Amino acid sequence: MTLRSFVFSFLAGGVLIAIAACTVSEAPAQPQSQPEAEPWNWSEETVRSAVDQVRAGRDLNPDSWPDGAKVAVLLSYDVDNETVQGLRTGTVSIGPLSQGQYGSRVALPRVVRLMNEKDVPSTFFFPAWSLKLAPEQAGLIQESGKHEIAVHGWIHELNTSLDAETEERILRDAVETLEEITGKRPVGYRAPSWNHSPSTLQIVRDIGFLYESSLMADDRPYELVQNGEATGMVELPVEWILDDAPLFNPRGNSYMNPRDIMQVWIDEFDMAWEEGTMFLLTMHPHVIGHRSRIVALEGLIDHMKAKGGVWFATHESAARYVRAQAGMD
Ligand SMILES: [Zn+2]
């Protein structure tokens with residue numbers, strides 16, 4: 001298919017508007033299957049089977065975090081770079097791509113420097129193509145030995161629009177690619193655009209990931225349940241409130257001052273501290289890595305450190321800890 005016909009097919013499907021909106025912030029949840037008839041006429045079984053595809057199971061928040069910490073803080077970076085600046089939809093345009101390249105060229109080094117200075121282990125989720133385009137990012141992240149590299153799809157594909165076979169093939173390719181470049185097999189998965197197709201969880205289980213981090217049924221870690229059966233898969237949940245992309249877009253309708261956003265995150269953290277649970281923040285180097293935003297991120301970390309009782313951890317460390325505490329190993 002030519003680029004022109006590819007783009008036209010999206011236009012014809014009425015999908016391009018949604019995709020355009022997703023190039024800055026990530027995609028909102030899309031319905032993945034349409035059961036028969038109007039929803040107010042659905043049978044009991046239709047409603048229940050729709051919600052039961054993937055459901056939150058038991059709470060995995062431990063009674064205490066390592067070293068008696070009050071709260072676990074998991075900082076994650078989705079290193080999307082060029083993949084969300086056009087590559088994933090095939091709507092390639094040079095200006096947006098340059099904004100993506102800022103991610104690997106300027107922003108990631110700035111982010112990694114801050115994490116190392118503050119001694120904060122972090123997790124970096126990569127679409128495979130983001131790492132293939134700038135493989136030096138791996139060495140930069142791995143140099144300190146404290147950070148994790150995990151999987152964020154192949155080219156930030158819209159996994160909910162793929163058939164199961166394609167989704168599995170490119171996710172397996174992404175795992176292989178990350179392993180080749182980093183020398184370590186990734187153990188964590190975050191879905192591009194934070195959504196699951198009807199096949200995603202089964203694929204993630206079949207590949208053997210240690211944890212999943214794309215869904216939103218809790219503030220605390222929990223076990224995923226698939227069609228009523230506990231899976232043994234740890235979910236480390238995300239939330240749009242705790243994401244830099246939607247509110248840091250200076251051309252969006254919901255732009256906020258970085259220091260105001262920092263205050264929202266501080267409030268989220270303070271309550272997580274009081275509850276003894278978890279604070280998981282998703283950022284994107286090409287978004288958070290600008291100078292005025294790094295100042296806000298540094299302010300957040302300084303607040304956490306001043307409060308004390310914080311366990312800063314990679315997603316992998318947190319997943320292993322909660323698994324052990326819950327007797328899942
Ligand atoms: Zn992403």
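Is Phe248 buried or exposed, and how many other C-beta atoms lie within 10 Å? I began my notebook with this residue, and I note at once that the model I am reading is a predicted one.

**Entry 1: Phe248**

I found Phe248 in the loop between β8 (229-235) and α9. I counted 24 other C-beta atoms within 10 Å, and because a residue is called buried at 20 or more, Phe248 is buried. Leaving aside its neighbours within four places in sequence, I listed its contacts as Pro258, Val287 and Arg293. I also looked up the separation of Phe248 and Ile288, which are 40 residues apart along the chain, and their C-alpha atoms are separated by 8.0 Å.

**Entry 2: the whole protein**

I then stepped back to the protein, which has 12 helices and 10 strands. Of its 329 residues, 42% count as buried. When I took the contacts with a separation of 6 or more, I saw that residues 24 or more positions apart account for 76% of them.

**Entry 3: α9 against α11**

Helix α9 covers residues 258-275 and helix α11 covers residues 291-307, and I read an angle of about 25° between them, with their axes 9 Å apart. The two helices are therefore roughly parallel to each other, as angles under 35 degrees are described in that way. I noted that α9 passes α11 in a right-handed crossing.

**Entry 4: α4 against α11**

Which residues of α4 and of α11 make the contact between these two helices? I first wrote down the geometry, in which α4 and α11 pack at an angle of about 20° with their axes 11 Å apart. That makes α4 roughly parallel to α11, and I recorded the crossing of α4 past α11 as right-handed. The contact is made by Arg110, Leu114 and Lys118 from α4, together with Ile294, Leu297, Glu298 and Ile301 from α11. I sorted these residues into four nonpolar, no polar and three charged.
While I was in helix α4 (residues 94-118), I also looked up Arg113. With 12 C-beta neighbours inside 10 Å, Arg113 counts as exposed, because the class takes in residues with 12 or fewer. Arg113 and Leu140 are 27 residues apart in sequence, and I read 9.2 Å between their C-alpha atoms.

**Entry 5: α7 against α8**

In α7 I listed Glu167, Glu168, Leu171, Arg172 and Val175, which meet Thr200, Ile203 and Ile207 in α8. This contact has four nonpolar residues, one polar residue and three charged residues.

**Entry 6: strands β3 and β4**

I next followed strand β3 (residues 122-126), which pairs with β4 in the parallel sense over four bridges. The bridge partner of Phe125 is Ala150 in β4. In a regular strand the side chains alternate between the two faces of the sheet. In strand β4 (residues 148-151) I saw Glu148 and Ala150 pointing one way, with Ile149 and Val151 pointing the other way, and all of them are buried.

Most residues other than glycine have a negative phi. Asp67 sits in the loop between β1 (55-59) and β2 (71-78), and with 8 C-beta neighbours inside 10 Å it counts as exposed.
Ser193 also has a positive phi, of about 65°, although it is not a glycine. I placed Ser193 in the loop between β5 (188-189) and α8. Ser193 has 22 other C-beta atoms within 10 Å and is buried, whereas Asp67 counts as exposed.

Methods
Residues are numbered from 1 along each chain as its sequence is written. This is a predicted model: local features need pLDDT of at least 70, side-chain atom pairs count only at pLDDT 80 or more; totals for chains, interfaces and linings use all residues. Axes are lines fitted to C-alpha atoms, for helices over the stretch in contact, and angles run from 0 to 180 degrees between N-to-C directions. Angles under 35 degrees count as roughly parallel, over 145 as roughly antiparallel, 65 to 115 as roughly perpendicular and the rest as oblique. A crossing is left-handed if the near helix is turned anticlockwise from the far one by less than a right angle, and right-handed if clockwise. Two strands pair if DSSP finds at least two bridges between them. Two residues are in contact if their C-beta atoms, placed from the backbone, lie within 7 Å. Ala, Val, Leu, Ile, Met, Phe, Trp, Tyr, Cys and Pro count as nonpolar, Asp, Glu, Lys and Arg as charged, and the others, Gly among them, as polar.
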